[in-house]
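Subject: Structure handover and notes

Dear colleague,

Please find the structure below, followed by my notes on what turned up when I went through it. I have kept to computed geometry throughout and given the cut-offs where each term comes in.

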Amino acid sequence: MAKNINWFRLNRNLHRDIGYFCVGLTLIFAISGIALNHVNDWDPNYQVTQTEHAISNIAKKINQDNFEPWLLKELSLSGTVKARFWQTPTTYKLFTKNNQTLIINVAKNTVVLQQISPRFLLKNFNFLHLNDARSAWTYYSDFYAALLIYLALSALFMVKGKKGIKSSRGLLVVAGFLIPAAFVFIYAY
Amino acid sequence: MSGLKIIIVMILSSIFSLTNTAHAEQNYGKGADMKHLAEISAILASPTKFMDTDVTVKGAIVKVCKKRGCWMELASDKKFQTLRIKVRDGDMVFPMTSLGKTAYATGKLQALPLDLAQSKKYLAYTAQEQQEEFDVNSVTEAITVYQISPTGVTIND
């Protein structure tokens, strides 16, 4: 005799297990989403620290043969210079192998030292969120999106009775649609 | 913490901490075609000559888009001159850690003529993005921005 399927229980069990599976990527996308949302206020991928140093008579020193090693020593930097570039008649840039940029202003006798460091974890989260990986990641993230759709829809049938979707709590679902619709109405037209 | 948990934590940590694995050469798109190499100064001196053909330029990377890595500027063989390499957001992502490395970019040259107001706005925006000082009154003439829309880029250490 065929056993009756308890759809309510099956839905709850699937919702629970798929929910557990989605925890990792949900956190990754949520954290990265906040970081990328504020891209106009900060750099979500790199931390750039900047310090300014005064160096007297740098216009004369810049023409000397040992200028680069001398300047690195003066600023207590290790490594070597991999590229150099006159950006303007008064601005000379040096790039070191340690992700440092030295912006030398010969008019002001200053050197601005920029150190670029990738943000730990967050850069990789953003890499996934923006689908810079491409290839198979595109399909995996589509699969994840399908799971999220399932989680959203199955959530509607998790609870029966007074606190179910047909109760006043159903208004929360309506609010979930109305709030983004209001933003579109206000800002898009 | 059980052995299994320790292993999971170690695997996840190692996956997500893989940043900037050193590569001697990085290719974007199809990679650069070294056959059509031209000097940036020659291109900027007579841009019309290079408009309709694929061209490859070489130069040290001196600026990179901070927001999306969607453009970079290559230093010319002449002082004070650069050429912008611009892609649609996400087509290629040039990392900020590539500053100072040598890049080869193959693609078509594009000319973007700007009026004076647009020139001021464009130069002010690029200076602001790079956190550089900029006096908007120093711009007295309209500029034409030349850029390469690349099909392939190769970056060497």
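Leaving aside its neighbours within four places in sequence, B:Asp89 is in contact with B:Arg68 and B:Cys70, where contact means heavy atoms within 4.5 Å. B:Asp89 itself lies in the loop that runs between strand S4 (82–86) and strand S5 (102–113) of chain B, and its C-alpha is 19 Å from that of B:Gln26, a residue 63 places away in sequence. Helices (H or I, at least four residues) and strands (E, at least two) are DSSP runs, numbered from the N terminus.

Before going further, please note that this is a predicted model, in which local features need pLDDT of at least 70 and side-chain atom pairs count only at pLDDT 80 or more, while totals for chains, interfaces and linings use all residues. Residues are numbered from 1 along each chain as its sequence is written, chains are lettered from A and ligands numbered from 1 in the order in which they are written, and side-chain values use heavy atoms, with hydrogens and water left out.

The interface

B:Arg68, one of the residues in contact with B:Asp89, also takes part in a salt bridge with A:Asp132, at 3.7 Å from N to O; the term stands for a side-chain nitrogen of Lys or Arg within 4 Å of a carboxyl oxygen of Asp or Glu.

The contact as a whole draws 30 residues from chain A and 29 residues from chain B, and the two chains bury about 2400 Å² between them, 58% of it on carbon and sulfur atoms. Buried area here is the accessible area (1.4 Å probe) that two parts lose on being put together, summed over both.

Strands of chain B

Two strands pair if DSSP finds at least two bridges between them. S3(B) and S4(B) run antiparallel and are joined by 5 bridges, with B:Arg84 in S4(B) as the bridge partner of B:Glu73. These two strands form a hairpin with 6 residues between them, and B:Phe80 in the turn has a positive phi of about 65 degrees.

S4(B) also pairs with strand S6 (residues 144–156) of chain B, in the parallel sense and over 2 bridges, and there B:Ile85 stands opposite B:Ile148. S6(B) is in turn joined to S5(B) by 12 bridges in an antiparallel arrangement, in which B:Ala111 faces B:Tyr146 as its opposite residue.

In chain A, 5 strands form an open sheet with antiparallel pairing, in the order S1-S5-S4-S3-S2. Its edge strands, each pairing on one side only, are strand S1 (46–54) and strand S2 (81–88) of chain A, and the twist averages 20 degrees from one strand to the next. Axes are lines fitted to C-alpha atoms, for helices over the stretch in contact, and angles run from 0 to 180 degrees between N-to-C directions.

Within this sheet, strand S4 (residues 100–105) and strand S5 (residues 110–118) of chain A pair in the antiparallel sense over 6 bridges, and A:Ile104 has A:Val111 in S5(A) as its bridge partner. Helix H3 (residues 67–74) of chain A packs on the sheet, touching S2, strand S3 (91–96), S4 and S5 of chain A, and its direction makes about 75 degrees with that of S3(A).
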